[in-house]
Amino acid sequence: MTMIVLGFYKYAEIKDPQQLLIDLKEFCIHEHFRGTILISQEGINGSVSANRENTDALRKRLKDIPNFKDLFFKEEETYSEHPFRKMKIKVKNEIVRFDYDVDLKNTGKHLTTEEFLELYDSDGNLKENVVLLDTRNDYEFEVGRFKGATHVNLQTFREFTDKVNLDDLKNKKVVMYCTGGVRCEKATAFVKEQGIEDVSQLNQGIIQFGIEHQQSVWEGKCFVFDKRMVSPMNSEGEPVSNCHLCGTSSDLLRNCRNVVCNLFYVSCLACEERLNKCCSEECQKIVDKPKTEVA
Ligand SMILES: [Zn+2]
Ligand SMILES: [Zn+2]
């Protein structure tokens with residue numbers, strides 16, 4: 001059986017997030033969905049997996065929500081197992097935490113994947129005057145990115161407003177991208193409010209680019225927040241990153257097993273085994289401490 005991974009988001013007013021939560025939760029649990037759906041008064045953001053019949057039924061339900069008739073779905077097929085561990089549906093203040101109010105009706109222009117490819121010349125280099133800004137976190141950028149992209153040194157997306165260097169964007173053609181597009185809506189709106197004029201974003205993000213194109217201008221892998229850790233958007237070539245522990249070439253992204261640390265880091269297989277899936281010897285000592293030693 002093929003499993004469908006459905007990604008979707010839209011910023012539009014939801015009058016009663018709590019009621020929508022109740023409706024969707026019952027349906028998703030009954031129909032054996034897994035993944036995450038976040039609901040807020042500002043909109044909805046989700047990534048879930050189920051079989052074809054159930055994902056089709058969910059599409060219909062979501063499009064029936066007032067203001068959501070034109071909700072766009074990114075659909076990937078995957079192996080027969082759920083890539084997500086459980087089903088989580090929550091009501092939040094924001095569907096992507098930014099901690100800064102922006103006018104979501106004034107976002108960057110949305111570029112189709114074809115328009116995005118036109119940012120590159122025939123040699124595969126970014127055209128002059130284009131600044132391609134990756135709005136994802138550091139570890140996501142590290143294992144894979146579009147050629148010529150710049151990142152903002154983010155540990156979390158809400159650092160964007162402090163860390164983005166507006167001087168570098170002045171009088172440039174600014175194009176942003178993220179995994180599925182949901183972060184760039186806020187990031188482009190913010191940058192426009194700061195007076196940058198020519199701002200656009202890759203419509204529906206890296207995932208949609210990977211669905212529509214071979215990865216000619218992509219290098220490395222695309223991290224996703226599920227068991228797969230990387231999406232099917234992968235280049236064939238050598239890893240573009242190195243193991244943080246020993247420096248050998250590797251593109252395996254790992255989440256430190258010490259929950260207090262919770263670091264995302266690049267590891268090689270040998271270091272993963274040596275440190276028992278921890279980012280450091282310190283974390284390994286904490287995780288593997290014999291129970292009797294705990295006071
Ligand atoms: Zn290593
Ligand atoms: Zn750690």
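## Terms and model

Two strands pair if DSSP finds at least two bridges between them. Helices (H or I, at least four residues) and strands (E, at least two) are DSSP runs, numbered from the N terminus.

This is a predicted model: local features need pLDDT of at least 70, side-chain atom pairs count only at pLDDT 80 or more, and totals for chains, interfaces and linings use all residues. Residues are numbered from 1 along each chain as its sequence is written, while chains are lettered from A and ligands numbered from 1 in the order in which they are written.

## Strand β3 and its partners

Strand β1 (residues 3-11) runs antiparallel to β3, with 8 bridges joining them. Y11 has G43 of β3 as its bridge partner. Strand β2 (residues 34-40) is also antiparallel to β3, through 7 bridges. A hairpin of 2 residues links β2 to β3.

Is β3 (residues 43-50) enclosed or open? A residue is buried if 20 or more other C-beta atoms lie within 10 Å of its own, exposed if 12 or fewer, and partly exposed in between; C-beta atoms are placed from the backbone. In β3, 8 of the 8 residues are buried, so the strand is largely enclosed by the rest of the structure. In a regular strand the side chains alternate between the two faces of the sheet. On one side of β3, G43, N45, S47 and S49 are buried. On the other, I44, G46, V48 and A50 are buried too.

## The parallel sheet

5 strands make an open sheet with parallel pairing, in the order β6-β11-β10-β7-β9. β6 (109-111) and β9 (150-151) are the edges; each has a single partner strand, so one side of each lacks a neighbour in the sheet. Strand β7 (residues 130-134) is joined to β9 by 2 bridges. One pair is L133 with T150 of β9.

## The nonpolar core

A nonpolar core is a set of buried Ala, Val, Leu, Ile, Met, Phe, Trp, Tyr and Cys residues joined through C-beta atoms within 7 Å. The largest one has 70 residues. Those with the most contacts inside it are I37, L132, F160, V174, M176, Y177 and V191. Helix α6 (residues 182-193) gives the most to this core, with 6 residues.

Contact means C-beta atoms, placed from the backbone, within 7 Å. Leaving out residues up to four places away in sequence, V191 touches V164, L169, V174, I196 and V199.

How values were computed:
Two residues are in contact if their C-beta atoms, placed from the backbone, lie within 7 Å.
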